[in-house]
Amino acid sequence: MTDASQNYETGQHPDLPPPLSEVGILGWLKHNLFSSPLNTVMTILAIWFLWAFIPPVLDWMLFDAVWSADSRKECWALMEEPEGAACWAFIKSRFSLFIYGFYPEASRWRVDLSFVLLVLAVLPVLVDKMPGRKFGLIYAIAFPFIAGWLLVGGLGLEPVETDQFGGIMLTIIIGVTGISFSLPLGILLALGRRSSMPVLKMLSIMFIEFIRGVPLIALLFIASSMLNFFLPPGTVFDLLLRVLIMVTLFSAAYIAEVIRGGLQAIPRGQYEAADSLGLNFAKAQILIIMPQALKISIPGIVNSFIGLFKDTTLVLIIGMLDPLGIGRASLADADWSGLAREVYLFIAMFFFICCFGMARYSLYLEKKLHTGH
Amino acid sequence: MKPWNVPNVLSATLVVAALGVTGAASASTLDDVKSNGVLRCVVSTGVPGFAYPDASGTWKGFDIDFCRATAAAVLGDSSKIKAVTSTGQTRFTLLNSGEGDVLWRNTTVTFSRDVGVKLRFHGINYYDGQGFLVKKNLGIRSAKELDGASVCIQTGTTTELNLADYFHANGMKYEAVTIQTNDEGRQNYVEGRCDVYTTDASGLAAIRSTFSEPNDHIILPEIISKEPLGPATRQGDDQWSDIVTWVLNATVTAEEKGVTSSNVDEMMSSKDPEILRLLGVEGSQGEELGLNKKWAYNIIKSVGNYGEIFERNIGTNTPIGLERGLNALWTNGGLQYSPPFR
């Protein structure tokens, strides 16, 4: 019991609890939201904004939305007022088109299987504590070929032409191929650019500067329409393959510059240390230089990958139907057209989930590799 | 197919370069299509009523049906088509580089495309023209009253130039709200960022059909441009050009003669010699085209005549709801007119 009337000797007064207005919820509110007149006004404005904005959006997206109907008219008839809420029935009716594109229905299990195999291949690469990781990594290297065989067919499987690929499947194919092949290529280009061999150095610089100087869309146009003029008549050089090559080269040039930045941040002493241990060039790079350079470059590399993943939507311009293309084409169905908001929101959510996932993984990786004490 | 290898390609590239860029046109498109067993049509990535994929991914629409008709004539099976999706920018290069056999992609026939882009056009399967869509409650009844209006207009199209010409010729001013796609245009128009939406009349009808109250909007009577839409092929393959030309003519003649997909079998014993020639009962017109006798029969049996194709995809009973208008047969006051089969 503390009693105000009680007398203490000087310096012997027990600590009083802090005033109620400084601790707990009230204290937090006071310090963080209402610490000055300006902050108070901002807080009130923000609350008002959230209150005015969030409930209608949630109503539109979830609570009033129509989940099953057979046409736009039916959808709108089920709402209090036409266009008053989202009509997800449209997305539902086109869902398999969004996922598989025009892939033949009987063979879609191959796409599903490839996706499962992709997850199995990605796990050992991303998670270093996985048991049997060595075999997993060998499998990850073999995966592109297995998946390629599964998706395109041949050798016992019904062949499926790549122009029937579309939707999310196409985005993932382009994204994963671009990401997994552009990283090694980018490392080689970065080393080439820093090499003391003049020819190698010149070639790397020319390649990187040319690719960086040209928009991706121009490269895609070259891939889609100009290459055929230069190939002998009758040569079949698959459009998807051409696009994959272009996207990979494009991404590799950017990755190379990001990694070169990482290489430049490594002190000279590290190179000298490697030399003094008697390591040759390859060993020095693998054991000492690259682990440090790549660690520094992670944010930049992941940034490039996210950019690449989103750039895959550009294939729409050359007539390949990625989710955005499928969405636009579906909007031309007179039974449904006019539901553009639903389509774009759905696609935006897909890209957000993918890109946000990549960003979180890069943060996790940075923390795990943070060993500079 | 020969395996793809670098020396081969390099030498071939040099040869092609030495000969000048000739395009990948091989000897005969007809032979290519027959040996591939599938007809590759350059189509759009989605135009309401003209080309769109349904929920199962099957392409449908007015242009697609003509592609199917071509496949029925050449391969005897209207399902043997492959849709080569193209944007406005890539459609002609896809055709000229040999990635498509024929273009059915609501493409306006113009001098520069026929002559400059080196295409062959084969008649008109849809007569379109640019119009204006406005809200009824504005009280506007004629395009001449649009002075000072804000107009939603797609950039980089002929419609942009037509609009400028029309307003200039009539001494009116407008404020352009530029948009990229039809969806964007619709959204801007609905939210009132522009008073008027302008594009081809068929497109306006399609957009109007997506409003919750279509009757609150009117398409003004003035059509300010000619947009004849038709199929195209590469130059330099006359046999293939003839085939595409007469596929279109066969559908029009069939409608004129009253031959439909349901009565085509009875028509095989018709008294009209032109019907008999069309259906291959008499004469050797199929063989002369390099096709079999029943080419036109196959078209009508599996896809139907011009009127059936029109009504099924864009006619008054569809959500698009277009009248025949200029696309009625010449006998009904329209422009659809086929040279005779004789």
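**Close-up 1. Leu155(A) sits in the loop that links α7 (133-152) to α8 of chain A.** Keep in mind that this is a predicted model. Here the backbone is the thing to look at: Leu155(A) has a phi near 50°, which is a positive value in a residue other than glycine. Is Leu155(A) buried or exposed? With 77% relative accessibility, Leu155(A) counts as exposed, because the cut-off for that label is over 50%.

**Close-up 2. Ser195(A) is found in the loop between α8 (167-194) and α9 (198-213) of chain A.** Ser195(A) comes out at 13% relative accessibility, so it goes down as buried; the limit for buried is under 20%. What does the side chain of Ser195(A) have 2.9 Å from one of its polar atoms? That would be the backbone nitrogen of Met197(A).

**Close-up 3. Glu83(A) is a loop residue between α3 and α4 of chain A.** Zoom in on the backbone again: phi of Glu83(A) is positive, at about 65°, even though Glu83(A) is not a glycine.

**Close-up 4. Glu80(A) belongs to the loop between α3 (72-77) and α4 (88-93) of chain A.** The relative accessible area of Glu80(A) is 82%, so this residue is exposed. Glu80(A) is also one of the members of a negative surface patch.

**Close-up 5. Four acidic residues of chain A make up a negative surface patch: Asp59(A), Asp64(A), Glu80(A) and Glu81(A).**

Definitions and conventions. Residues are numbered from 1 along each chain as its sequence is written. Chains are lettered from A and ligands numbered from 1 in the order in which they are written. This is a predicted model: local features need pLDDT of at least 70, side-chain atom pairs count only at pLDDT 80 or more; totals for chains, interfaces and linings use all residues. Side-chain values use heavy atoms; hydrogens and water are left out. Patches are made of residues with over 30% relative accessible area and no salt bridge: like charges are joined within 9 Å, nonpolar side chains (Val, Leu, Ile, Met, Phe, Trp, Tyr) within 5 Å. Accessible areas come from the Shrake-Rupley method with a 1.4 Å probe; for residues, only the protein chains shown count as cover. A salt bridge is a side-chain nitrogen of Lys or Arg within 4 Å of a carboxyl oxygen of Asp or Glu. Lys and Arg count as positive and Asp and Glu as negative; His and the chain ends are not counted. The place of a charge is taken as NZ of Lys, CZ of Arg, CG of Asp or CD of Glu. Helices (H or I, at least four residues) and strands (E, at least two) are DSSP runs, numbered from the N terminus. Buried means under 20% relative accessible area, exposed over 50%, partly exposed in between (1.4 Å probe, protein chains only). A polar contact is a pair of N or O atoms within 3.5 Å; within protein, one must be able to donate a hydrogen and the other to accept it, and residues adjacent in sequence count only if both atoms are side-chain atoms.
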